[in-house]
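This report describes selected local features of one protein model. The sequence and structure are shown first, followed by the description.

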Amino acid sequence: MSEEPSQIRLLRSALAAVGRARLKTTGRSMLPTIEPGTVITVLARPFDEVEPGDVAVVLLDRKVIVHRVVDRAGSRLLTRGDNLPLVDPVVGPGEYLGVVPAYRRAVTLAALDLARLAAYPDRGAGRTRIWLPGPAPAYAWWHPAMRRGDTPGLSRGDARPVVSVSPYGALPGTALDELLAAAGRRDVDILIGRAAGLAPNGPTTGPSDDRATRSSDGCGGRSPLRPGTADFHVGHGTLLEPPRLADTVEFVRARVEAARGAVPARSVLPVRGVLPVRPDQAPGRPDLAGWLG
């Protein structure tokens, strides 16, 4: 294992020697709570005493991150920047450094900003396309819903809003109902189980980058997308107890059907990064067979 950067070693040493350290933040992910350039005081609180609502200093992808703890299960913490649409990878004792007591407050749910829908004209047929992660199967070329140049958020050259649904989303699950109701005649694309965020294992509270995912994270172990790929990030389940990918599919399908009617199989797109959608197209995957009929 490679040696930690000198900044991290110095921070660990200061916390071990005197129980506190001072850092200057550089990013915007904790706005409005912590402004960029704020000098914060970090205390060496024992890991077992950290609770949701605390602002913790942790290591993610060998960087010092200052984010709020939003959930905890045993020796695992879940953190998120107050100004970010996605939670971070799970943090364990080895990635934890300390807390910033001055900014502790109760955890609040991320707010849904429906004004973002205004960027898309209220026209279309009210259709919903569902995109699933996985390798592009050989039969994709003949799928009736596919057209050359179609990608999430784009169909026949027309832009449409994109909603990501995964354990990483900060918006509550009910936000999907609100989004579909507010979309009106707009066609909507939903990305299921695609992660985006920080890599798992300066001071910084900066924006998330692409990162690798694991098969246990509820995203099928597939590579992530950048946060900006989707307009809205809705959460389903939690990284502390990730749902099966098939369960997330059922969650989405039930809400789409309630808001917009039945989801035809042709609306589930087996394109680049998409799993098969029929039992005969999912050899060796009995857990996925038949999820979309």
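## Contacts of Arg72

A polar atom of the Arg72 side chain lies 2.7 Å from the backbone oxygen of Val50. The model is predicted: local features need pLDDT of at least 70 and side-chain atom pairs count only at pLDDT 80 or more, while totals for chains, interfaces and linings use all residues. Residues are numbered from 1 along each chain as its sequence is written, and side-chain values use heavy atoms, with hydrogens and water left out.

Arg72 belongs to strand β4 (residues 63-73); strands (E, at least two residues) and helices (H or I, at least four) are DSSP runs numbered from the N terminus. The table lists two polar contacts of its side chain (pairs of N or O atoms within 3.5 Å, one able to donate a hydrogen and the other to accept it; residues adjacent in sequence count only if both atoms are side-chain atoms).

Leaving aside residues up to four places away in sequence, Arg72 touches Phe47, Asp48, Glu49, Val50, Pro52, Leu77 and Leu240 (contact: heavy atoms within 4.5 Å).

## Strand β7

In strand β7 (residues 128-131), Thr128 and Ile130 on one side and Arg129 and Trp131 on the other are all buried, that is, under 20% relative accessible area with a 1.4 Å probe, protein chains only. β7 pairs with strand β11 (residues 188-192) in the parallel sense over four bridges; pairing requires at least two DSSP bridges. Thr128 has Val188 as its bridge partner in β11.

How values were computed:
Buried means under 20% relative accessible area, exposed over 50%, partly exposed in between (1.4 Å probe, protein chains only).
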